[in-house]
Amino acid sequence: MAASSDTVTPSSLRQAFGNVFSLFILILIGVLAFSIRLFSVIKYESVIHEFDPYFNYRVTQFLTKNGIYDFWNWFDDRTWYPLGRVIGGTVYPGLTLTAGTLWWILNSLNIPLSVETVCVFIAPTFSAFAAWATYLLTKEVKGAGAGLTAAALLAMVPSYISRSVAGSYDNEAVAIFALIFTFYLYIKTLNTGSLFYATLNALSYFYMVCSWGGYTFIINLIPMHALLCIVTGRYSSRLYIAYAPLVILGTLLAALVPVVGFNAVMTSEHFASFLVFLILNVVGFIYYIKGMLTPKMFKVAVTLVVSAGLIVCCAVVAVLIALVASSPTKGWSGRSLSLLDPTYASKYIPIIASVSEHQPPTWPSYFMDINVLAFLVPAGIIACFLPLTDASSFVILYLVTSVYFSGVMVRLMLVLAPAACIMSGIALSSAFGVFTRSIKFASSGKEADTGDTGNGVTQNDVVKPDKNEEPPNEKSSRKKKKEKENVEKAPIAAKKSERRLLMLPMEASVVAILLLMLLGAFYVVHCVWAAAEAYSAPSIVLTSHSHDGLHVFDDFREAYAWLSHNTDVDDKVASWWDYGYQTTAMANRTVIVDNNTWNNTHIATVGTAMSSPEKAAWEIFNSLDVKYVLVVFGGLVGYPSDDINKFLWMVRIGGGVFPHIKEPDYLRDGQYRIDNMATPTMLNCLMYKLSYYRFVETDGKGFDRVRRTEIGKKHFKLTHFEEVFTTHHWMVRIYKLKPPKNRMRVKTKKSKSKTTLTSSKRSATRKKNPWQ
């Protein structure tokens, strides 16, 4: 008993201490991931950021107030007037249901947090969950050390921080956790062959489908890995258990999400998973009958099975081709085609190309968003090949695909971040292992060598005097035992020699560790700076630093508050689609278009109105019952994301539906200009007039600080619109459509007949519908 306890206790104590220490580090990583995302609340206030989060916040408010059944059946008549929108069938409900459930649990525990507070802090909370999921995934690939390192890196990586700061209440807030956790459960199932983990994997995939449209990345990446394992001869029953339940159960669950529905089996994004499933069944059946038949019968059976499998696969492919042949996009969505062909959106769907986060990234953005991880990723790839397993091959495939997609669309840098952190964690863990082992070997290597040789000499000294005293048959038995021991120790000695080949001099190892620590310190400083300065400012509240201190621009909320307090509840507000969600959520007014961008014709109508002369624009807006027009202008304060900079996209989108709008009419020698060299079409369009009306009164010159030039048309009057409100810094300007009777009339001779004729013409014009 005592001997057994002496042999077991040290290892068990060491393992227990390691588990407790790892748990403590994971808690610290979670606290770090949560706290580093609070700069936006500390520096500004607890407020929802950006544009899309305001819609999600409004939907969550409706859910908590009216319940889940009313949420599924909610028809929102305040968006996309006069069409409206069925919210329950057109939104990914994962984020809303998660926040609503969390709010309900907290209030059930008598923790009275508001819905807005829960929405603000849900992204930092799930970033901690994502870091822990990264630990679990990387641990399955390369061990606990690499997992802890990868989790710490993900907790701070700027690419993930940019979409998960406090107040960033968007789908990615919970979707990245779901993505990583689904990958972890797939690898866990692949390593263990457990049907329990396979079921959890399908449920995690279902949560990912509920949360984000990027779930198609999962349902294509996992089939690619399964096919890679089959082609490279790594098929096993564990692969079948990991893949089959995900495709069958996961697809059935995905079809339950209203926004997905039958798209789970009818669109091209999902066809690869079904085709690989058929191939996997054919290969699995071949391996099954291999152990039941003789080699000769097995060859015949393989021929039959492969032939039947090919026939079935061809039939399935033919059916799939027939299903998608009628579609002009062959069953692919516009965003998917934009990823496969980076030029597709700019050629055919300008509404997708107009979104800034759909643009390809620049090289500096990689160093901004993943920083030093870009240099560590290649080392992590090499470490994954030593040795290459099913898990490490999946991580490599994940990295390669995410690098490609992030190069097409800057938004998908968010998908690259976990892969880069996993690879960098593996690289750092392997490097630290080599360097610390080298230092340990260098410091104790001489003693170990002398100890080994000393033991050998002692054994020889003990054996030599016994040689003369032992009988011959005992000598032969001792020789046989020594031969057996030498054979058993041979692989151990080979491993030791391999380890010694990986050893470095002590000085080099110490310098390398110091350099890695310096690299890590630089990474931490950059991440903290990015979280505090680059990504913490909410887009609805802007700041700038100058020689006289900090300036805060709260013009957006000022404009929405004016709309809320000075307009009727049923008034319709027209603006470019970027500001639709905020107008509906903060001003509670009906909008013509918003950020959902589901109806290209409706958006093109607004773009056409903004691109048209004042009279034609008035007729378009009047036909849509618009009463107010909102434009964003940054020429006074230097705000670059204003409507003048977005105007060419309005022209392109409008011209894609209404051919009389032509982009060259707004360009001078191919250049977009707003100065005195601008084209007459540009100077007379509605967007130019609404942006620069009375702008010359600010400085007497009309100098635009964004375009860095004086405007071309400075003094003009509006005939069909009247200015009703301009914010303090001129960032948001609101105009009201003049009723027909109050419009400026052309002076005519006071003749009764002419006056009667003119009034009849005006009444006819007033009744005319421009869209008939």
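Which side chain meets Arg411 in a salt bridge? Glu172 does, at 2.5 Å from N to O. We return to this pair below.

This is a predicted model: local features need pLDDT of at least 70, side-chain atom pairs count only at pLDDT 80 or more, and totals for chains, interfaces and linings use all residues. Residues are numbered from 1 along each chain as its sequence is written, and side-chain values use heavy atoms, with hydrogens and water left out.

Start with the whole chain. It has 34 helices and 13 strands. Helices (H or I, at least four residues) and strands (E, at least two) are DSSP runs, numbered from the N terminus. Of the 772 residues, 47% count as buried. Buried means under 20% relative accessible area, exposed means over 50%, and partly exposed lies in between (1.4 Å probe, protein chains only). The accessible surface comes to about 38200 Å². Carbon and sulfur atoms hold 63% of that surface. Accessible areas come from the Shrake-Rupley method with a 1.4 Å probe; for residues, only the protein chains shown count as cover.

Now look at contacts, meaning heavy atoms within 4.5 Å. Take those between residues at least 6 apart in sequence: 72% join residues at least 24 apart. Two residues give examples of contacts across the sequence. Ala254 lies in helix 13 (residues 237–254). Its relative accessibility is 1%, so Ala254 counts as buried. Setting aside residues up to four places away in sequence, Ala254 touches Tyr205, Phe206, Val209, Val260, Gly261 and Ala264. Met208 is 46 residues from Ala254 along the chain, and their C-alpha atoms are separated by 9.2 Å.

The second example is Glu140, in helix 7 (residues 115–142). Beyond its neighbours within four places in sequence, Glu140 is in contact with Tyr184, Ile187, Lys188, Asn191 and Ala391. Glu140 and Ile187 are 47 residues apart in sequence, yet 7.0 Å apart in space, C-alpha to C-alpha.

Next come the charges. Side chains of opposite charge can pair when their charged atoms come close. A salt bridge here is a side-chain nitrogen of Lys or Arg within 4 Å of a carboxyl oxygen of Asp or Glu. The structure holds 22 salt bridges. Back to the opening pair: Arg411 and Glu172 meet at 2.5 Å, N to O. This pair links distant parts of the chain, 239 residues apart. Arg411 sits in the loop between helix 22 (390–408) and helix 23 (413–467), and Glu172 in helix 10 (residues 172–192). Both Arg411 and Glu172 are buried.

Another salt bridge joins Arg707 and Asp704, with the closest N and O atoms 2.7 Å apart. Arg707 and Asp704 are both buried. Some bridges share partners: they join Arg163, Asp170, Glu172, Glu357 and Arg411 into one network.

The side chains of Arg694 and Glu697 also meet in a salt bridge, at 3.0 Å from N to O. Arg694 has 27% relative accessibility and counts as partly exposed. Glu697, at 55%, counts as exposed.

Turn to the rings. A pair of aromatic rings is described by the distance of the centres and the angle of the planes. Rings of Phe, Tyr and Trp (its six-membered ring) pair if their centres lie within 6.5 Å; planes under 30 degrees apart count as stacked, over 60 as edge-to-face and the rest as tilted. By this rule there are 36 aromatic pairs. Tyr693 and Phe716 form a tilted one: 6.1 Å centre to centre, with 50° between the planes. Tyr693 lies in the loop between helix 32 (686–692) and helix 33 (696–699), and Phe716 in the loop between strand 11 (709–710) and strand 12 (721–726), so the pair ties together parts that are 23 residues apart in sequence. Tyr693 is buried, at 18% relative accessible area. Phe716 is buried too, at 13%. Elsewhere, ring pairs link Phe183, Tyr186, Phe217, Phe394, Tyr398, Tyr404 and Phe405 into a cluster.

Charges can also sit over rings. The rule asks for NZ of Lys or CZ of Arg within 6 Å of the ring centre and within 35 degrees of the ring normal. Lys572 lies over the face of Tyr81, 4.6 Å from the ring centre. The charged end of Arg652 sits over the ring of Trp649, 4.6 Å from its centre.
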